Amino acid sequence: ITTMKISGIVCAFLLLEATSAFAPTKTYSNHHLTIMRSTSSANTCPKTGNPLPNLPIPDPLLSLTPGTWAYDTMSRRVNEDILQRTYEENEDAFNSPSFATALERFNKLRSELDDAANTKLRHVQFESTDGRSADVVAREEAEWKSIMQPYIDNGDTWLSAPWLVTEFYAYRRLIEALGYYDKSNSDTFMYDPFLVAKRAGLLSSVNSAENMLEKIVSLPNTKEGVALAAAFALWGNKMDLSIWPADSENASLDVFVNILNAADENLLHDDTDLLTERCEVLRERGDGKIDIIVDNAGFELVTDLALADHLIASGVAQVVTFQLKGHPTFVSDALEKDLLETVEHYSSLDPEKYPNAHAAGLRWQKYLDEGKWVCHEDNFWCQPNAMWEMPNPLRADLKERCDLAFVKGDANYRRLLGDRYWDYSAPFQDVVGCYFPCPVCSLRTLKAEVGCGMDEKQVERAKGLDDEWMVNGRFGVVQVGTGAE
């Protein structure tokens with residue numbers, strides 16, 4: 001059979017509910033993959049010794065140009081929208097006596113961002129009362145010092161340093177300001193400033209998820225089933241809370257159906273065929289180990305769990321590992337506790353009102369209990385390093401263990417590209433697939449002015465349809481790379 005593209009599968013699934021509508025699968029082996037595995041680049045990363053992209057590495061995005069998304073983010077949006085909303089959602093706690101020092105430091109951070117063009121960067125500061133083990137603290141302190149030193153030496157400001165660096169740095173500075181790791185203050189210790197937003201997203205996810213989860217359990221154990229599960233996971237990224245806050249109106253609408261219906265015109269590159277071929281190889285092997293590098297909590301996380309559910313149930317994966325953030329960041333990004341809370345919430349739903357969501361929650365808890373789902377937090381996912389600078393322990397684990405990694409969301413995608421000005425048509429394999437430690441599939445909706453591997457005609461079409469095509473999450477890509485040798 002010829003694998004249907006995501007848009008065609010979405011339409012077919014909406015029209016035909018019975019699994020008999022899907023043709024039986026054939027068997028596939030590695031030689032069916034049409035992307036040739038790239039030879040390792042002669043160039044290696046000077047910091048890590050990892051392979052680099054095959055193509056010359058372009059300049060990074062900065063935040064100096066008015067009118068760009070980067071400029072608006074660092075000169076206005078982080079402070080006036082995100083941190084202001086964070087204050088409003090935590091106002092009682094922030095104004096309590098135990099948060100007095102945290103609030104003072106929080107306001108100082110906001111003052112820096114209020115004058116982002118002139119405020120020079122400094123190193124992240126670490127508490128002497130940090131509640132983590134000494135080796136973990138020393139590692140993170142060394143990592144952030146290495147990240148920031150070039151820009152501090154250069155006298156860079158919040159706008160003149162690379163956008164990816166300052167945006168991740170802003171959230172790490174928020175963690176510092178709040179005393180998140182300060183074990184001497186039980187009120188601020190491990191206090192998640194984005195919990196209100198994430199829980200709102202969790203509560204508002206259920207109506208859309210109920211319909212989606214009904215479909216997930218009836219997907220066939222074929223290439224088409226994987227393709228539709230991936231489509232759900234891709235377009236779930238449009239629910240990013242930092243751009244689209246959850247509210248009571250959204251909670252009453254099955255908004256996801258409208259997103260799926262627009263899939264046909266909104267994909268700018270589609271490697272679904274390559275993805276499903278790889279999954280068929282793993283299904284035939286019977287011992288697949290797949291990672292999902294998670295982006296947002298809320299509904300997007302539910303679609304990730306649904307993808308993982310299908311991968312286990314269909315035999316593509318024996319184990320799915322969720323790579324999660326080590327501390328709160330980017331408002332809605334998911335930690336292990338957010339995943340566990342999502343599973344608990346869904347398993348406790350009223351089975352009369354939400355039978356599919358409730359049943360899914362019970363299945364997911366069983367996967368966790370049986371070790372078929374594994375959670376792994378790492379501070380690397382909270383840092384701005386390009387993914388070709390992945391530290392050796394993490395890279396070695398992915399290279400040796402992981403058969404396929406799904407990379408979710410825009411911030412993770414920006415790191416795949418080093419947040420640099422690649423030609424939009426530069427092949428994903430030569431930018432990412434050639435250096436990544438294992439086979440990789442990026443599921444991304446566009447929310448930043450960076451990209452690669454997109455079809456030129458599709459890019460021109462997107463430009464004609466929407467002036468904000470690069471930043472508003474309307475358009476997406478499914479891109480597959482082989483991984484380095």
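The average pLDDT of this predicted model is 89, and 86% of the residues score at least 70. pLDDT is the predictor's confidence in each residue, from 0 to 100. Because the model is predicted, local features need pLDDT of at least 70 and side-chain atom pairs count only at pLDDT 80 or more, while totals for chains, interfaces and linings use all residues. Residues are numbered from 1 along each chain as its sequence is written, and side-chain values use heavy atoms, with hydrogens and water left out.

- A contact means heavy atoms within 4.5 Å.
- Residues 239-244 also stay under 50. Here the model has 27 contacts beyond four places in sequence.

**Overall fold**

- The protein contains 20 helices and seven strands. Both are DSSP runs, numbered from the N terminus: helices are H or I with at least four residues, strands are E with at least two.
- Of the 485 residues, 58% are buried. Buried means under 20% relative accessible area, exposed over 50%, and partly exposed in between (1.4 Å probe, protein chains only).
- Among contacts with a separation of 6 or more, 81% join residues 24 or more positions apart.

**Largest pocket**

- The largest pocket holds about 350 Å³ of space. Its lining has 17 residues, and the closest to the pocket centre are Tyr-151, Asn-385, Ala-386, Glu-389 and Arg-420.
- Helix H5 (134-153) and helix H6 (163-178) are the elements that give two or more residues to this lining. H5 gives the most, with four residues.
- By class, the lining has eleven nonpolar, three polar and three charged residues. Ala, Val, Leu, Ile, Met, Phe, Trp, Tyr, Cys and Pro count as nonpolar; Asp, Glu, Lys and Arg as charged; the others, Gly among them, as polar.
- A pocket is an open set of points on a 1 Å grid over the protein atoms alone, where a 1.4 Å probe fits, with protein on both sides within 12 Å along at least five of seven lines; lining residues have an atom within 4 Å of a point. Points are joined across faces, edges and corners, and the volume is the space filled by probe spheres set on them.

**Loop between H6 and H7**

- Met-190 lies in the loop between H6 and helix H7 (195-204). Its phi is positive, about 60 degrees, although Met-190 is not a glycine. Met-190 is partly exposed, at 41% relative accessibility.
- Phe-194 is found in the loop between H6 and H7. Phe-194 counts as buried because its relative accessibility is 2%.
- Beyond its neighbours within four places in sequence, Phe-194 contacts Thr-86, Tyr-171, Leu-174, Pro-328, Thr-329, Phe-330 and Val-331.
- Phe-194 and Glu-89 are 105 residues apart in sequence, yet 8.1 Å apart from C-alpha to C-alpha.

**Val-331**

- Val-331 sits in the loop between strand S3 (319-325) and helix H15 (336-347). Val-331 is not a glycine, but has a positive phi of about 65 degrees.
- Val-331 is buried, with 3% relative accessible area.

**Asp-304**

- Asp-304 belongs to helix H14 (residues 299-313). Asp-304 is buried, at 0% relative accessible area.
- Not counting residues up to four places away in sequence, Asp-304 touches Ala-233, Ile-292, Val-294, Asp-295, Phe-322 and Lys-408.
- Asp-304 and Phe-232 are 72 residues apart in sequence and 8.2 Å apart, C-alpha to C-alpha.
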